Amino acid sequence: MLLGGYAMAVSALDTVPTEAIMNCQGNPSNVSYKFELPDEYLNFSRTQVYPVPGGTKDVDVYIVACDPNGNSDIKTVRAMLNWTNNTKTETKTAAVATLGSSCTSGKQALKNATDAGLLTLAECNEILDTINIYKLCKLYKATFTLDNCDTSGWYHVTATACDDCGCGCVPETNSFFYKSIVAVDIDFTKVNYGPISVGNPQTVPGNSIMQTPGVALPVLPTVQNIGNDPMDVIISATDMAGSCGGVPVSIPASAQTAKVDGEPKQALSTTGVCFDTNLMCEMPAPIEFVLTAPAGTCTSTYTGSLTVTGTKTCTTTP
Ligand SMILES: [Ca+2]
Ligand SMILES: [Ca+2]
Ligand SMILES: [Ca+2]
């Protein structure tokens, strides 16, 4: 039959092409989990990190980034650290991290996080599945280096994951705690009063320079706070022992005084006296020692020892 001059095709089977474009619009990358290691205080939830006295500490931020289009769609994962009461920030691009095969064995981040209670075992297994089986996620890592002078407190970590359409997802934020430590350093290995005479104060002055014993003589006593929060200083002394005609004698600890930084001088004792110095991290301060031999001190060589201890504060138990 002719219709309008054309023959009409009749078929039991017809095939037409289909077409769709999957772009990243509407399917942004996101962050499903985030945690920080090492967690050095397992009995308390979240991550607690101890500073290294006089040194630095690396804190690894682990980010599980995912994308509904599959993990090959994830382009950039970033971690931002906010610290010192939010006055200091640092942003790092995270790299794909080595992934362990199990949440219960081996030495890797997911196992360590599970051991520390930062992830439940179910969460950890879910993460492994989304990475290994469903190929939706990847584990990323960024490392921040904290100094011993960085103050103690909560440090906030924010992570974002982006695909080629941008970073439209809501960033994930959590916190870890940078612990407060007290750590003291001194540059002198001996306090040598030299020749003394009864009733005459003999002074060993301090200075504010951390010196190296044996290189620049004399080393003048200096104390330094190598922890992260302000520090007071406790000094104790033993009695100084001598011998007169074979009989043991001594100069009492209280015959020595010390003066730390700008604090008033105090007579030393065997139990220790505290100087309310509030020394800031790595701000060296002088210690001056004075020995006044009391009347009746016989001729001898006297030796004893001094102990310098840091404390958070003189007024309460550290
Ligand atoms: Ca996507
Ligand atoms: Ca913990
Ligand atoms: Ca010195």
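Guide: A quick definition to start: two strands count as paired here if DSSP finds at least two bridges between them. Keep in mind that this is a predicted model. With that in hand, we have an open sheet of 4 strands, ordered β1-β3-β7-β6, with antiparallel pairing. β1 (30-37) and β6 (95-96) sit at the edges with a single partner strand each, so one side of each has no neighbour in the sheet. Helix α2 (residues 121-132) packs on this sheet, where it touches β1, β3 and β7 (137-147). The direction of α2 makes about 120° with that of β7.

Now let's walk across the strands. β1 and β3 (residues 56-66) run antiparallel and are joined by 7 bridges; F35 has Y62 in β3 as its bridge partner. Carry on from β3 to β7 and you'll find 11 bridges, again antiparallel, with D58 standing opposite T145 in β7. The step from β7 to β6 is antiparallel too, over 2 bridges, and there A95 stands opposite K141 in β7.

Setting aside neighbours within four places in sequence, I63 is in contact with V31, K34, V77, A79, A94, Y140 and A159. V52 is another story: 11 residues away along the chain from I63, with 25 Å between their C-alpha atoms.

Note on methods. Residues numbered from 1 in each chain as written. Chains lettered and ligands numbered in written order. Predicted model: local features only at pLDDT ≥ 70, side-chain atom pairs only at ≥ 80, totals over all residues. Contact = placed C-beta atoms within 7 Å. Axes fitted to C-alpha atoms, helices over the stretch in contact; angles between N-to-C directions.
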